[in-house]
Amino acid sequence: MKIYVLVKEVPDTYGDRKLDLETGLADRSAGDVVLDEITERALEVALSYADKNPGTEVVSLSMAPESATASVRRSLAIGAGSAVHVVDEQLRGADLTLTAEVLAAAIPRGEPDLVITGNLSTDGVGGVIPAMLAEHLGWAQATALSAVEIGDGQLTGTRAGDAGTQDVTVPLPAVISITEALPDARFPNFKGIMAAKKKPLEVLSLADLGVSADPAVAPRTIMTSVAEKPARAAGVKITDEGDAAAQLVEFLAQNRLV
């Protein structure tokens, strides 16, 4: 069994986050960056299976700037056996369609049986990459799983909804996405951190994958404008001079809150 896990570097949610006014994406230079927690959970699903099934190969895959190498290495420290890092300046500001096309071009090179992703990243929050990957690859998909059981030639899982739960089964190869209901990732120990320095990390470019980022070849999303969020304005202060209730009702009515 060979499992690919998509991992992604994102701005630390505990720090200040800003948009890059050039690309409209999260500005990684504005604060600390970390490996997205949901992708660490996806990695844990693969590693838990590998612990019980010797011979399983777990590969982490990331499309990110060269500066994200440390985060890719963290996935190796956690337990992935090798990693693939797609790096190309032409991918700066890549939209979801280009991202899916690039990742779908990288995956078949390793001939995995399964691709595991998080249901959505904490920066872009698109939530469509797993389905787009499955479409590109022509594989089965099972998304937003809160429980996963990898079997011989198939995978079963549970998807939670507002009205209950749904059990799903898909044949392999497949693309699945998991939610935060799955366990936290294991913490990399000193041995894992040292071993990560020697594990294989393949770096690929768009030329290696045969993918073009030229919008004239394949139209992409067009960003028309981007701006910083306006500063928070002061609220309305009501001074009670015997008519506070009337002022409050009038305010609520004017703003269509009642």
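Reply: Angles under 35 degrees count as roughly parallel, over 145 as roughly antiparallel, 65 to 115 as roughly perpendicular and the rest as oblique. This is a predicted model, in which local features need pLDDT of at least 70 and side-chain atom pairs pLDDT 80 or more, while totals for chains, interfaces and linings use all residues. Residues are numbered from 1 along each chain as its sequence is written, and side-chain values use heavy atoms, without hydrogens and water.

Helices (H or I, at least four residues) and strands (E, at least two) are DSSP runs numbered from the N terminus. The angle between α1 and α2 is about 30°, and their axes are 11 Å apart; axes are lines fitted to C-alpha atoms, for helices over the stretch in contact, and angles run from 0 to 180 degrees between N-to-C directions. The two helices α1 and α2 are therefore roughly parallel. From α1, E40, L43 and L47 make the contact, and from α2, R74, S75 and I78 (contact: heavy atoms within 4.5 Å).

A nonpolar core is a set of buried Ala, Val, Leu, Ile, Met, Phe, Trp, Tyr and Cys residues joined through side-chain atoms within 4.5 Å, where buried means under 20% relative accessible area (1.4 Å probe, protein chains only). The largest share, eight residues, comes from α1. Among its 34 residues, V5, L114, I116, L155, I176 and I178 touch the most other members. Beyond four places in sequence, the contacts of I178 include I38, A42 and V45, together with I116, L145 and V148.

How values were computed:
Buried means under 20% relative accessible area, exposed over 50%, partly exposed in between (1.4 Å probe, protein chains only).
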